[in-house]
Amino acid sequence: MARVAWDLWTTTAEVVVDSSDERAVDAAVAAVREVTDAVEAACSRFRPDSELMARRAELESGAGAEVSPMLAELVQVALDAARSTDGDVDPTLGSRMQELGYDASRGGAEPDGTEARRASWKDVTLEGRFLRVPAGVILDLGATAKAFAADRGAAAAAERAGVGVMVSLGGDIATAGPTADGVWQILVRDLDDDPEEQIGLASGWSIATSSTSRRRWERDGRPMHHILDPRWGVPAAPVWRSVTAVTPTCVAANTITTACIVRGAEAVQFLADRYANVPARLVSARGDVIRVGGWPAERA
């Protein structure tokens with residue numbers, strides 16, 4: 001196998017190719033970079049020249065505007081995630097994140113003085129490629145867009161390289177293509193001192209982790225993290241240090257794990273009610289591990 005890693009979006013992008021052939025590795029990495037570049041150009045709220053930010057005036061004008069196929073798809077993915085979680089994963093929190101001081105360097109930026117307008121995903125209109133956003137609302141597609149990039153990047157890389165590929169973007173891991181034994185070995189751990197275990201992930205499946213321990217900063221002496229509870233517009237209570245799930249797509253896994261962070265103490269019941277067959281692992285604030293949905297039991 002060959003591994004290539006680089007810094008991306010305040011985290012690390014990593015491409016693992018089930019081949020030592022230099023041409024296959026180069027092809028896989030190029031495919032992933034093309035996908036991540038396209039996603040960033042479409043929706044990064046940290047780049048004033050991204051389509052989402054550069055066209056804010058049009059999108060918030062009341063009339064809306066036609067957007068690129070990539071941006072339309074990314075918004076649709078985010079709205080689908082919101083709908084499937086009853087709004088737990090809400091893409092309209094970008095203005096609030098900015099107000100709380102979360103910037104591209106993981107937080108600590110001074111707020112711009114503009115009070116965030118409260119809205120919800122239901123206030124966003126997307127019909128085909130026609131997008132309208134409430135005035136004063138910045139869309140933050142970060143969570144679902146990163147997972148989407150992992151899914152799309154893995155598929156593109158495997159097709160171009162002709163071999164099995166694993167793409168990791170921070171806590172979002174997607175796999176695609178044939179491998180020698182059909183299984184990827186994944187070390188599941190958030191921070192270095194967190195409980196860890198290794199699982200086998202079947203090729204073509206994905207795994208995602210959402211965390212309250214990463215992307216942290218302080219605002220007026222109060223600890224903050226980047227997953228907000230849409231009901232209150234503040235960081236979700238850190239009931240869980242991390243939540244990990246395995247599903248066929250990274251978008252689905254990330255949606256579930258983010259919703260679990262937001263649901264807090266209700267997360268285990270939420271999984272039982274809606275995702276009983278989804279293998280998931282929850283690490284509590286004290287470091288206790290709960291495994292549900294067929295997640296492998298702890299090895300003796």
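Biologist: How many aromatic pairs does a search of the whole structure find?

Modeller: The structure is a predicted model. A search of the whole of it finds an aromatic pair, and the number of such pairs is one.

Biologist: Which geometry do the rings of Phe-270 and Tyr-275 adopt?

Modeller: A pair of aromatic rings is described by the distance of the centres and the angle of the planes. For Phe-270 and Tyr-275 the centres are 5.6 Å apart, and both residues are buried. Planes over 60 degrees apart count as edge-to-face. The planes here stand at 65°, so the pair is edge-to-face.

Biologist: Which residue has its charged end over the ring of Trp-6?

Modeller: The charged end in question sits 4.0 Å from the centre of the Trp-6 ring. It belongs to Arg-33.

Biologist: Are helices H6 and H7 roughly parallel or roughly antiparallel?

Modeller: Helix H6 spans residues 142-161 and helix H7 residues 250-263, with axes 8 Å apart. Their contact involves, among others, Ala-147 and Phe-148 of H6 and Val-251 and Asn-254 of H7. The packing angle is about 150°, and angles over 145 degrees count as roughly antiparallel. The two helices are therefore roughly antiparallel.

Biologist: Is Asp-86 buried or exposed?

Modeller: Asp-86 lies in the loop between helix H4 (69-84) and helix H5 (94-100). Although not a glycine, Asp-86 has a positive phi of about 55°. Its relative accessible area is 51%, and the class above 50% is exposed. Asp-86 is therefore exposed.

Notes: Residues numbered from 1 in each chain as written. Predicted model: local features only at pLDDT ≥ 70, side-chain atom pairs only at ≥ 80, totals over all residues. Heavy atoms only, no water. Phe/Tyr/Trp six-rings, centres within 6.5 Å; stacked < 30°, edge-to-face > 60°. Buried < 20%, exposed > 50% of the residue type's maximum accessible area, 1.4 Å probe, protein only. Lys NZ or Arg CZ within 6 Å of the ring centre and 35° of its normal. Axes fitted to C-alpha atoms, helices over the stretch in contact; angles between N-to-C directions. Helix = DSSP H or I, 4+ residues; strand = E, 2+ residues; numbered from the N terminus. Parallel < 35°, antiparallel > 145°, perpendicular 65-115°, else oblique. Contact = heavy atoms within 4.5 Å.
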